[in-house]
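Please keep the sequence and the model at hand while reading.

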Amino acid sequence: MSNTKSPPVLDAEAGQSAVPCCPPLSERPFTAEEAETAARMFKALGDPVRLRLFSAVASHEGGEACVCDISDVGVSQPTVSHHLKKLKEAGLLTSERRGTWVYYRVAPSVLAAMGQLLTVR
């Protein structure tokens, strides 16, 4: 185990460094605050519909997806909106309204931070 701090992840969209939520699981035990943050992210992804929506946004060409392109996940449109809201509240997605449509993007540095969290050192 290492006592060094996790390196910052580059937040290209904001042009600055974004500190990951938590150190790798193998680095040291989480503080209560780190555990709350990680649990919020994993809880949001613990629902199969949310995981499919998150994956659809993350893998969509250009790194963002219109809600009209990702809403075919086997539930009603209001339910899709509810799940997207939960992903946003967990800090996993950002959104931008353009005309009548809302476009979603994986929040800057989320994938790198989540990957770093699961890295074994």
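## Core and surroundings

Leaving aside neighbours within four places in sequence, F54 is in contact (heavy atoms within 4.5 Å) with L45, L87, L92, L93, V106, V110 and L111. The model is predicted, so local features need pLDDT of at least 70 and side-chain atom pairs count only at pLDDT 80 or more, while totals for chains, interfaces and linings use all residues. Residues are numbered from 1 along each chain as its sequence is written, and side-chain values use heavy atoms, with hydrogens and water left out.

F54 is also one of the residues that touch the most other members of the largest nonpolar core, a set of 23 residues in which L53, L84, L87, L92 and L93 share that position. Such a core is a set of buried Ala, Val, Leu, Ile, Met, Phe, Trp, Tyr and Cys residues joined through side-chain atoms within 4.5 Å; buried means under 20% relative accessible area, exposed over 50%, and partly exposed in between, with a 1.4 Å probe and protein chains only. At least two residues of this core come from each of α1, α2, α3, α4, β5 and α5, and α2 gives the largest share, 4 residues. In soluble globular proteins, nonpolar side chains tend to be buried together.

The chain has 5 helices and 5 strands, in the order β-β-α-α-β-α-α-β-β-α from the N terminus; helices (H or I, at least four residues) and strands (E, at least two) are DSSP runs numbered from the N terminus. Of its 121 residues, 35% count as buried, and among contacts between residues at least 6 apart in sequence, 55% join residues at least 24 apart.

In helix α5 (residues 110–117), the buried residues are V110, A113, M114, Q116 and L117. Seen down the axis of α5, these residues fall within an arc of 160 degrees (taken from the directions from the helix axis to the C-beta atoms), so they line one face of the helix.

Three further residues can be set side by side by relative accessible area.

| Residue | Relative accessible area | Class |
|---|---|---|
| E34 | 13% | buried |
| C66 | 2% | buried |
| C68 | 36% | partly exposed |

E34 lies in helix α1 (residues 32–45), and its side chain makes a polar contact with the side chain of R28 at 2.6 Å; a polar contact is a pair of N or O atoms within 3.5 Å, where within protein one must be able to donate a hydrogen and the other to accept it, and residues adjacent in sequence count only if both atoms are side-chain atoms.
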